[in-house]
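Please read them alongside the coordinates.

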Amino acid sequence: MPLDLQQLRQVIALAEHGSFVRAAAALHISQPGLSRSIQNLERRFGSELFVRSSGGVAPTDLGRLYIERARDVLRMAEELDRDAVSRGTLGSGRVAVGGGPFPADSFLGLAAARFIEQYPRVSVQLHARNWDELLRELHSRELDFFVAETSTLQREPDLEIVPMPSAHSVHFVARAEHPLAGRSHIDVADVLAWPFVSPSRIPPRILDPMLAAHRAGAAIAKNALPFPSIQCTGLAPVKRILASSDAISASILSCVATELETGQLILLGTAPWLHLHYGIVSLKGGPWTQLAEKFRVYVLQAERQAAAEEEVLLERFRPRARRASSRARKAVRGGGPTDDDGDD
């Protein structure tokens with residue numbers, strides 16, 4: 001049976017409006033014409049797609065299935081049309097990409113900036129969300145793809161996940177005057193004795209050992225704090241909270257590069273399991289537009305640059321390097337190193 005896109009739109013409009021009169025008005029066609037079109041379709045199937053009543057119409061079980069598939073077909077037709085237009089007009093169109101707070105701040109923004117330099121006629125949409133929200137938007141075709149920690153989505157059968165090449169270590173960060181600053185050794189339990197701020201939902205692979213450390217600390221402390229104490233969306237409020245309190249957070253280093261450079265934030269330490277592995281997530285078997293494919297190349301390039309920057313930042317600002325630098329400054333002033341400045 002050949003597909004008629006206009007007929008698909010008519011079925012969807014009838015389901016949405018629940019009335020032949022209202023659907024026909026929305027489609028700018030006559031009510032008898034819409035009725036004949038739906039009846040012809042039902043004759044092809046040998047079954048009704050809608051139950052008619054004095055109060056309007058409602059889809060049958062077959063109708064609901066047909067409507068769901070019709071929406072998928074129309075979305076794919078629109079994507080194909082956008083791709084064809086973009087190929088014929090040297091890069092006009094739209095690309096929509098999502099990511100959690102860390103990839104959005106670290107490398108997706110950089111990828112978007114470089115992309116529009118080459119394709120200024122393209123509209124880029126960046127969605128910074130938790131992975132469950134991104135998944136819903138991907139399923140509804142609002143996103144071409146998104147970037148997320150791969151461990152959160154391995155059990156989703158309809159996803160295509162392409163791992164990105166770099167691992168991003170995560171470090172606990174706090175304001176420079178934090179009471180833990182200068183300590184020779186800080187473990188996770190020490191960190192979680194202070195209010196913890198999270199910029200997003202924590203992946204289970206990382207959440208489980210953090211909760212274990214929190215429980216161990218709570219067994220000792222009389223007044224254990226909730227974990228996390230504050231959860232928000234995005235890094236900007238996290239940084240403001242850290243700057244004005246003794247709260248602690250965790251971040252990949254490329255997201256706090258400016259604050260490390262200016263001395264507003266310091267690194268307190270990390271743990272062997274504190275790292276993120278990102279992947280590019282799309283619908284399995286779904287078509288990629290030319291613009292989405294090009295944007296993916298920019299994302300991979302920006303992610304590699306962020307990983308290289310993080311290695312440099314770690315070498316400069318890891319706690320051991322900070323204490324060694326402090327001893328060097330004392331030696332230059334003539335004071336020499338003291339016994340209190342021992343290494344880890």
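1. The model is a predicted one.

2. In volume, the largest cavity comes to about 330 Å³. Its lining is made up of 27 residues, and those nearest the centre of the largest cavity are Phe102, Ser200, Arg201, Pro203 and Leu276. Two or more lining residues come from each of the helices α5 (101-118), α6 (131-139) and α8 (204-220), and from each of the strands β5 (145-149), β7 (197-198) and β11 (275-283).

3. The second largest cavity holds about 130 Å³. Eleven residues line the second largest cavity, with Arg141, Leu143, Asp144, Leu283 and Pro287 closest to its centre. Sorted by class, this lining contains six nonpolar, two polar and three charged residues.

4. How many cavities of 30 Å³ or more are there in the model? The count is five.

5. On the cysteines, the number of disulfides is zero. A disulfide would need two cysteine sulfur atoms within 2.5 Å.

6. Are cysteine 232 and cysteine 255 buried or exposed? Cysteine 232 has a relative accessible area of 16%, and cysteine 255 has 2%. Both count as buried because the cut-off is under 20% relative accessible area.

Terms used
Residues are numbered from 1 along each chain as its sequence is written. This is a predicted model: local features need pLDDT of at least 70, side-chain atom pairs count only at pLDDT 80 or more; totals for chains, interfaces and linings use all residues. Side-chain values use heavy atoms; hydrogens and water are left out. Buried means under 20% relative accessible area, exposed over 50%, partly exposed in between (1.4 Å probe, protein chains only). On a 1 Å grid over the protein atoms alone, a cavity is a set of points where a 1.4 Å probe fits but cannot get out, and a pocket is an open set with protein on both sides within 12 Å along at least five of seven lines; lining residues have an atom within 4 Å of a point. Grid points are joined across faces, edges and corners, and a volume is the space filled by probe spheres set on the points. Helices (H or I, at least four residues) and strands (E, at least two) are DSSP runs, numbered from the N terminus. Ala, Val, Leu, Ile, Met, Phe, Trp, Tyr, Cys and Pro count as nonpolar, Asp, Glu, Lys and Arg as charged, and the others, Gly among them, as polar.
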